[in-house]
Amino acid sequence: MTLAVRLLRALFAFSVILTSYLIQLGLARVFARRLGSGAAAARELPGWLVERRARVDQKNARRLLRVMLKLRGVFIKLGQVLSIMGGFLPRAYGKELEQLQDQVPPHPFSDLEAALRASFGRSAGELFASIERAPLAAASLGQVHVARLRDGRKVAVKFLYPGIRGIIAVDLRVLRLAILVYKRFVPVGHIERVHESLVDLLRRETDYLHEAACMERMAQNFEGDAGVAFPDVIHELTTRDVLTMTFMEGIKITRLDALRTAGVEPSDVALRLVQVFYKMLFADRFFHADPHPGNFLVAARSAEEGGGFRLVVLDFGAICEARDELIDGLLDILKGIFAQDDAAVVRGFRRMGFVAPGGNDALLERTVKSYFAKLLKIQDRTPAALMRARPEQLEKLADPELERGELQELMRSFEYPEDWFYVERACVLLFWLAAQIDPNLDTMAVGFPYLMPLMAQREARAESGGSGPSSRRSPAR
C-alpha cells in the first residue's frame, strides 16, 4: 500500500465515522428543539433515537477496528491505547478495540530479512545458527523472532517493520487533522500536546539503539533485586532497526491458571507488579510507559534460587523519564488523598503544572475539592470496584453545581503538563493490568510504603533549605 493510498483510506474512514455522528447530532438537535431547552429535554429524546445512537456507536467501533487492522502501524498502537484509556469514547469502542491487545497480524519473515542485510550486510543464515520464521510476538511497529547464536545461546530478535517510519509520518498527519476536527466539537485545550507526546514516543520506539540503552539503565536501577529480571543486549547484533537480546523464559502475566500450576499466587504477582512500578515512577523516575500484558512474564524460581518468582520485564522502547515537578506534585496529591487534605491535592495539581496562566483559580479549587471530597467517601477504591460501578454511579463524582459555562471556563483553566501523557498512560495501563490479575488489590495502599519515605525525605530537605532530587536524563532523548 503506497503512502498516498494509505492517507486516502485513513481520511475516508474517519470521514465516514464523523459523518454518521453529525447525522445523529442533527437528529438529536431537531427533537431537542421540539421538546424545549435544557438537560431535561436531552433526557426525553425518543427511544428509537437513543437506540439508533447505540447502533451507530457499535457500527463505527467495528468500522474503526477494521481500518486499524488494515492500516496497521500507528493506528494499531492508537487502538491499543484507546481500548484502555478511551474513557471519552462510547463503551462499544473499548470492547471492539480490546482485540488489538493480542491479535496484531504479523508480517511474513521474508519482509524482515532485508533489515538484516541492510543492518549487517549478511543473511539470517550467516548471522544465526538458526532462526524461527514464525514470530514469537507481533506488535504495531515490529515483531520478535526466536533464534540461536553460534555459541548456542537462545536469543530474541526484534525487527522494526520495513518502511514503518514513512508510514508513521503519514499516520501522524492524519491524527493531527483528526485532533483539529475533534477540537471543533469538544472544547479541550492543549490537546496538541498529546499529539506531540505521541510523536516523541514513536520516535523513540523506532530507534532500537535507544531501546537497548534504556534496557540496560533500567536493569541497573534494579541491580541486586533477585525478584526482577531483564534481558541482556547482544550489542554486536543490534542496530537502529534490529535488536537482539537474551531470550527470557516465563509465563505470560495474565495466564492465571498457569501461574497457579507453577505454584505462584496471582495476588502476589499483582502486588509485586505494582511495587515495581512505584519504584520506577517515584524512586527512579525512569519508568515503563507501556505496561501492557505482553510486556511482563513470571518465572518461578527453584528452591536453590530461594523459591518464589521473578517478574520479567520486556520491551523498553517506551521507557520515559519523569520530571521532578511532575512527580513531586503527584506525591502531594497522593498525600492529600491519604490524609483527606484537599488543600494538598490542589497544591499538587498546581505543582504538576495543570493550572493554566490566567485560569479561574477559584473555580479550579472548588471543583478539585468537591471531586475529592466525594472520592474520599468511597471506601472500596480497588480497580474491581471501579470497574463494577455503573456509569451513573461514577457520574455522581462530578460536581452537580457546575454549570456548562463554568465547565468551559474550567477547561480553559487547565494546562496539559509536559510529559503527563506518559505518566497518565502508564498508570492507567498498569492499574488496569493489576486489576486483571487481582481485582481486589488496592493499588494506592500498595504504594504507600514506597511513598512515605520519599515524602519524608523531601520534607526534610525543604525544612533544611536543601534542593530536590537531581535532574536525570534518559538515553537518546
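Let's start with a pair of helices: helix 13 (residues 324-339) packs with helix 14 (residues 342-352) at an angle of about 170 degrees, and their axes lie 7 Å apart. Axes here are lines fitted to C-alpha atoms, for helices over the stretch in contact, with angles from 0 to 180 degrees between N-to-C directions. Angles over 145 degrees count as roughly antiparallel, and helix 13 and helix 14 are therefore roughly antiparallel to each other. On the helix 13 side, the residues that meet helix 14 include L326, L330, I333 and I337. Their counterparts in helix 14 include V345, F349 and M352. Contact means heavy atoms within 4.5 Å. By type, the residues of this contact are eight nonpolar, three polar and five charged. Nonpolar covers Ala, Val, Leu, Ile, Met, Phe, Trp, Tyr, Cys and Pro; charged covers Asp, Glu, Lys and Arg; the others, Gly among them, are polar.

A quick word on what you're looking at. This is a predicted model, where local features need pLDDT of at least 70, side-chain atom pairs count only at pLDDT 80 or more, and totals for chains, interfaces and linings use all residues. Residues are numbered from 1 along each chain as its sequence is written, and side-chain values use heavy atoms, with hydrogens and water left out.

Stepping back to the protein chain, we have 21 helices and 11 strands. Helices (H or I, at least four residues) and strands (E, at least two) are DSSP runs, numbered from the N terminus. Of the 477 residues, 48% are buried, meaning under 20% relative accessible area with a 1.4 Å probe, protein chains only.

Now please find strand 3, residues 142-148. Is strand 3 mostly covered or mostly open? Mostly covered: six of its seven residues are buried.

Which strands pair with strand 3? Pairing means that DSSP finds at least two bridges between two strands. Strand 1 (residues 130-131) is joined to strand 3 by two bridges, running antiparallel, and I131 has A147 as its bridge partner. Strand 2 (residues 137-138) also runs antiparallel to strand 3, again with two bridges; here A137 partners V144. Strand 2 and strand 3 make a hairpin with three residues between them.

Then there's strand 4 (residues 154-160), which pairs with strand 3 in the antiparallel sense over seven bridges. In that pairing, H145 stands opposite V157. These two strands form a hairpin too, with five residues between the strands, and G152 there takes a positive phi near 95 degrees.

Definitions and conventions. Buried < 20%, exposed > 50% of the residue type's maximum accessible area, 1.4 Å probe, protein only. Parallel < 35°, antiparallel > 145°, perpendicular 65-115°, else oblique.
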